[in-house]
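User: I am new to this structure and would like a close look at a single part, the sheet. Could you walk me through how it is put together and what sits around it?

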Amino acid sequence: MRSITVLLAVAVLLGPAVGAAQQVPATMTLEEALEIALERNPAYRRAVAQADASGARVRAGVGAFFPDLRGSVSFNGSSRTQVTGQDDFGQPRRLEDPLTFRSSSASQTLSSSVTLFDGLQNLNSLRAARASGRAASAGVDLQEASIVALVSRQFYTALQAKRLIAVEERLLDVSRRQLEATERLFRVAARTEVDVLGAEVQVAQQEQELERARGDARKALLLLAEQIGLDEPIEFDVVGELPTPFDPTILDANELVARARSNSPRVARAEAEAARAGFDASAARGRRWPTISANANFTRAASVQSYDAFFDFNPLDRWFGFGLSVSVPLFTGFQTSQAIAQATASERVAQEDLREQRLQLEREVRSAFIDLVSTYRQAQLAERAVDISRRRLTMAQEQYQLGTIGFTDF
């Protein structure tokens, strides 16, 4: 399933061109419905987009361990005209020839800094990012499993509705033939007009059932198209076989629960979210520690009493500097305490969410197993009831043809 997920994720990221290339067949099998759904379903595409965004967070977490590098280029110019001056006695006077001073400067700087120690904040942030990535990946698997289940169930519902139309058509044909037989018997005075009217009512009721079955089949196809993710109205039909029932008592409920706990994408996502919350809490606690960082810069500059330095890309003056700094959070207005408390609460919430998901999963698996066993037994009883009803119908038909019972009893 994971390999299918990767291929479909690539197809989704390629954009609308791939979606346009996928054609919806006129007669759709279950495999084709699942393939189209995993390409077009909005929930699955949203999960894939979120997983891609989580990859960017992991890259940012890795980048926090590398020195940052910044470059800047600046050019400045100024002009100052002096109109007033001082005479020999220090009194201001107006200059006969105003003085104009022009200056310009150019500066090019390359600087870098790296965090040497931050209370393991960067390390825990990276771990949290990776856990978030695992949660997003599990979310994609969860959406895939959900879509497979929903589309498969709706596909079989549509297929069953289609077959029910054929059943109702056969029943209508039987009702019409029964009406014809009753009319023939009425003409020879073997049946009454009440029997003929009863046969006509039976035909009318069966026609209503047929129309109802056709409407249900169309609605089932509409719901299937919605779950697949078809934007445009497309006429299609479903083909295939219904699953063969099997005896579920050969399964072990405890083994099913154990397999669900180890393979469930929902539990895997909850586990990853709990791990992410734990790392976020550790990163928040690291804010109490001092931060040690190193920096270095190299600058080329020029400053002249004219505009010649403007757009000078090769200034001659240059210097190099470096330093080491230590920052101690003495008081932050209780922001650090608030961040730690919030992260710790989020960690506890995530742990309880994980516990809740495991409890719900066990209940759902055991409940589904009970329903499966009960449904299988109901199917066996239904088959037995069908066999008895078939024999009873045969006997009633013989009695009706012999005239021993009327149409209402029949």
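Analyst: Happy to. The sheet is an open one of four strands, in the order S2-S3-S5-S6, with antiparallel pairing. Strands here are DSSP runs of E of at least two residues, and helices are runs of H or I of at least four, both numbered from the N terminus; two strands pair if DSSP finds at least two bridges between them. At the edges lie strand S2 (68-86) and strand S6 (317-327), each pairing on one side only. From one strand to the next, the twist averages 25°, taken between lines fitted to C-alpha atoms, with angles running from 0 to 180 degrees between N-to-C directions.

Before going further, a word on the source: this is a predicted model, where local features need pLDDT of at least 70 and side-chain atom pairs count only at pLDDT 80 or more, while totals for chains, interfaces and linings use all residues. Residues are numbered from 1 along each chain as its sequence is written, and side-chain values use heavy atoms, leaving out hydrogens and water.

Strand S5 (residues 291-304) pairs with S6 in the antiparallel sense over 11 bridges.

Aromatic rings come next. The structure holds eight aromatic pairs, counting rings of Phe, Tyr and Trp (its six-membered ring) whose centres lie within 6.5 Å; planes under 30 degrees apart are stacked, over 60 edge-to-face and the rest tilted. Phe117 and Trp289 form an edge-to-face pair, because their ring centres are 6.1 Å apart and their planes stand at 85°. This pair links distant parts of the chain: Phe117 belongs to strand S3 (residues 92-117), whereas Trp289 is in the loop between helix H8 (265-285) and S5, 172 residues away. Phe117 is partly exposed, at 31% relative accessible area; buried means under 20%, exposed over 50%, and partly exposed in between, with a 1.4 Å probe and protein chains only. Ring pairs also join Phe75, Phe310, Phe311 and Phe313 into a cluster.

Finally, step back to see the setting. The secondary structure of the protein comes to nine helices and six strands. Buried residues make up 30% of its 410 residues. Along the principal axes, the C-alpha trace spans about 150 × 55 × 40 Å.
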